[in-house]
Amino acid sequence: MSMSNPSQLDRRAAVAALLKNRADTLVVSGLGSPTYDLHATGDRDDNFYLWGAMGGAALIGLGLAQAQPSKRVLALTGDGEQLMGLGGIATIGVARPCNLDIVVIDNQHFGETGMQASHTGRGVDLTAIAAACRFAATATVRTLEEVQRLAADIAEPPHGPRLFVIKVRAENPPRSLPSRDAVFIKNRFRAHLGFAAA
Amino acid sequence: MHSPTPNPEIDWPSELYRVLKAADVRQMSYVPDAGHSQLIRMFSADKDVITNVLTTEEEGIAIAAGGWLGGQRSVLLMQSSGVGNCINMLSLSVIGRFPLLMLVTMRGEWAEFNPWQVPMSRATQPSLEAIGVKVMRAETAEDLIETVEAAAALAYDSDQQIAVLIGQRLIGKKKW
């Protein structure tokens, strides 16, 4: 349950374990810590880092998944970012892509702005919302072993969108900053998929 | 000044569909509007275009950016009240120079029955321009078709963020 004791899981260790064998999965990261967490696993051409557009990470994932149906797409975001895009969970539930996973790194706080408690620490359960929006699978995990099992499980192709919550300790590790130049990151990402810059 | 007269002979939604297909649009997302209903039906019946119904308009800004990352062109349909919902998400298109084509049916400006449509109608063009979106406007069917053709080229070939405002006079008075 989301009201239980705070998780002691280290977010960087969790994201590293989640993405260890990501292969050619395309990853979009939500603003704030998930963007730093993704960059800390190693800068790659198939990462798209957000520094704004709060609430948009999973939906960028949707557009990308629909345009690239043969690739797996992972939207890696935080509880605050996903809470701002709650309606998007309904939109993704209706669109029903079979190649999109949303993973919420949930520290139950708005970590970037002073660690104010978020809704997920007060009983709001994003997995229950996703399940009610017809997602094919949802789960909440709290330990590194569970994350490792999740990483293996999500490599199997699903029958629809999935949303997983990884509960982590509320702390801000040293920032690992990718480029803030969105045009550069966009063109690099598209070049990786074989598209020329305009 | 002489005002444009709508030409009821022109089936402009079908013409817009033709223009957007010719521009290789592969994704359409929308929050419904009566003025867009025919275009929504045509895209929804098209197996070569992925259609997303949104809970709020800014979702379509994010989907269009994701589609472009994956090599596809998107179009986003909404009415003027929805523009207000989009403003912060438009940062993504503007700062990332993502092609964006929004077709916005205007409410609150011509024979409008509902006063609640008027404030956002007034704010539509200034708020789009304030965030950095280029606004084009059409009052007649002929002009609309040509405008959307030009807007599509600007968006997809020149990486611009364009909103085409479709005058309420063209759509006609809402029946109550």
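Is B:Asp24 buried or exposed, and how many other C-beta atoms lie within 10 Å? The points below take up this residue and then the rest of the structure.

1. In this predicted model, B:Asp24 is exposed, since 11 other C-beta atoms lie within 10 Å and the cut-off for that class is 12 or fewer. The residue sits in the loop of chain B that runs between helix H1 (12-22) and strand S1 (25-30), and its phi is positive, at about 65°, although B:Asp24 is not a glycine.

2. A positive phi also occurs at B:Arg97, which is not a glycine and has a value of about 45°. B:Arg97 belongs to the loop between H5 and strand S4 (100-105) of chain B, and with 17 other C-beta atoms within 10 Å it is classed as partly exposed.

3. Turning to the interface, 27 residues of chain A are in contact with 27 residues of chain B. On the chain B side, strand S2 (50-53), helix H3 (58-69) and helix H5 (90-95) each contribute at least two residues to the face that touches chain A, and H3(B) gives the most, with 8 residues. By class, the residues on this side of chain B comprise 12 nonpolar, 12 polar and 3 charged.

4. A:Lys186, a residue of helix H8 (residues 182-192) of chain A, deserves a separate look. It counts as buried, because 21 C-beta neighbours are found inside 10 Å, where the cut-off is 20 or more. When its neighbours within four places in sequence are left aside, A:Lys186 is in contact with B:Leu69, B:Gly96 and B:Phe98. The C-alpha atom of A:Lys186 is separated by 26 Å from that of A:Pro157, and these two residues are 29 residues apart along the chain.

5. The largest nonpolar core has 105 residues, and those touching the most other members are A:Ile166, B:Ile61, B:Val104 and B:Val164. Helix H3 (residues 57-67) of chain A provides the largest share of this core, with 8 residues. As general background, nonpolar side chains tend to be buried together in soluble globular proteins.

6. For B:Val104, the contacts beyond four places in sequence can be listed individually: B:Val104 touches B:Met78, B:Gln79, B:Ser80, B:Val83, B:Thr124, B:Ala163, B:Val164, B:Leu165 and B:Ile166. One of these, B:Val164, is itself among the core residues that touch the most other members.

7. A:Ala58, A:Leu59 and A:Leu62 of H3(A) make the contact with A:Gly88, A:Thr91, A:Ile92 and A:Ala95 of H5(A), and the residues involved divide into 5 nonpolar, 2 polar and no charged.

Notes. Residues numbered from 1 in each chain as written. Chains lettered and ligands numbered in written order. Predicted model: local features only at pLDDT ≥ 70, side-chain atom pairs only at ≥ 80, totals over all residues. Contact = placed C-beta atoms within 7 Å. Helix = DSSP H or I, 4+ residues; strand = E, 2+ residues; numbered from the N terminus. Nonpolar A, V, L, I, M, F, W, Y, C, P; charged D, E, K, R; others polar. Core = buried A, V, L, I, M, F, W, Y, C linked by C-beta atoms within 7 Å.
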